[in-house]
Amino acid sequence: MREGNPKPIVANSEELASIAAELHQMRDQINQRHQIEAPIYGYVWLSLKLAQQLEQLAQLLCIALRRPIP
């Protein structure tokens, strides 16, 4: 079997990094206001964790696609 093409995954990974940066900015703004609304902060926190897990998955997929399967 041939090696896969990780280019689409890398492109999505770049978009994911942009989303994660925006979520970090939102979290910082919430912290600066000192008016933390639990549901909003929780949503941002969960979204950041999901973004981190998706980035890890993208890295694993890139590794898997570069490696030929015997």
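This report describes helix packing, a salt bridge and a surface patch in a predicted model.

## Basis of the model

In this predicted model, local features need pLDDT of at least 70 and side-chain atom pairs count only at pLDDT 80 or more, while totals for chains, interfaces and linings use all residues. Residues are numbered from 1 along each chain as its sequence is written, and side-chain values use heavy atoms, with hydrogens and water left out.

## Helix packing

Helix α1 covers residues 7–33, and helix α2 covers residues 38–66. Helices here are DSSP runs of H or I with at least four residues, numbered from the N terminus.

The axes of α1 and α2 lie 9 Å apart, at an angle of about 160°. Axes are lines fitted to C-alpha atoms over the stretch in contact, and angles run from 0 to 180 degrees between N-to-C directions. The two helices α1 and α2 are therefore roughly antiparallel, a term for angles over 145 degrees.

## Salt bridge

A search of the whole structure finds 1 salt bridge (a side-chain nitrogen of Lys or Arg within 4 Å of a carboxyl oxygen of Asp or Glu). D28 forms a salt bridge with R27, and their closest N and O atoms are 3.9 Å apart.

D28 counts as partly exposed because its relative accessibility is 37%. R27, at 24%, also counts as partly exposed. Partly exposed lies between buried (under 20% relative accessible area) and exposed (over 50%), with a 1.4 Å probe and protein chains only.

## Nonpolar patch

L50, L54, L57 and L61 form a nonpolar surface patch with about 340 Å² of accessible area together. Such a patch joins nonpolar side chains (Val, Leu, Ile, Met, Phe, Trp, Tyr) within 5 Å, from residues with over 30% relative accessible area and no salt bridge. Accessible areas come from the Shrake-Rupley method with a 1.4 Å probe, and for residues only the protein chains shown count as cover.

L50 is found in α2 and, at 49% relative accessibility, counts as partly exposed.

Note on methods. Patches are made of residues with over 30% relative accessible area and no salt bridge: like charges are joined within 9 Å, nonpolar side chains (Val, Leu, Ile, Met, Phe, Trp, Tyr) within 5 Å. Angles under 35 degrees count as roughly parallel, over 145 as roughly antiparallel, 65 to 115 as roughly perpendicular and the rest as oblique.
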